[in-house]
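Hello,

Here is the structure for your files. My notes follow below it.

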Amino acid sequence: GFVDKYGALLEVRGKGLMLGLVCEGEAKELVEAFKGQGLLTLTAGAHVVRFLPPLTLGEDDLEDVVDMISDALGSVYGE
């Protein structure tokens, strides 16, 4: 997963579709990178990015979201 790939990501926590991505640096940087990919996220504290996708999210959409997350993380943390 992404946490295993990037050392600056500490954990994913949450329940159902409401997830938080905990990072070492400022979450705002990741929120901006996700926004650049067309993915809207929020900060939930200084070091947590909150994902709140709609309940109507389809499997095809989910694959696109994973690609957006991957591209954004690559742009912030490198590959």
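A salt bridge is taken here as a side-chain nitrogen of Lys or Arg within 4 Å of a carboxyl oxygen of Asp or Glu. Please keep in mind that this is a predicted model.

Salt bridge. By that rule the count comes to one. The side chains involved are those of Arg13 and Glu11, with an N to O distance of 3.7 Å. Arg13 has a relative accessible area of 40% and is therefore partly exposed. Glu11, at 35% relative accessibility, counts as partly exposed too.

Strands. Strand 4, residues 48-51, pairs with strand 2, residues 18-23, in the antiparallel sense, and four bridges link them. One of the residues to look at is Leu19, whose bridge partner in strand 4 is Phe51. Strand 4 also pairs with strand 3, residues 42-43, again in the antiparallel sense but over two bridges. There, Leu42 stands opposite Arg50 of strand 4. Strands 3 and 4 form a hairpin, with four residues between them. Gly45 lies in that turn and has a positive phi of about 105°.

Surface charge. A patch of negative charge on the surface gathers Glu59, Asp60, Asp61, Glu63, Asp64, Asp67 and Asp71. Of these, Asp61 is found in helix 3, which covers residues 59-77. Is Asp61 buried, partly exposed or exposed? Its relative accessibility is 40%, so Asp61 counts as partly exposed; the partly exposed class runs between the buried limit of under 20% and the exposed limit of over 50%.

Regards

Methods
Residues numbered from 1 in each chain as written. Predicted model: local features only at pLDDT ≥ 70, side-chain atom pairs only at ≥ 80, totals over all residues. Heavy atoms only, no water. Pairing = 2+ DSSP bridges. Patch = residues over 30% accessible without salt bridge, like charges linked within 9 Å, V, L, I, M, F, W, Y side chains within 5 Å. Areas by Shrake-Rupley, 256 points an atom, 1.4 Å probe, with all protein chains shown as cover. Lys, Arg positive; Asp, Glu negative; His and termini not counted. Charge placed at Lys NZ, Arg CZ, Asp CG, Glu CD. Buried < 20%, exposed > 50% of the residue type's maximum accessible area, 1.4 Å probe, protein only.
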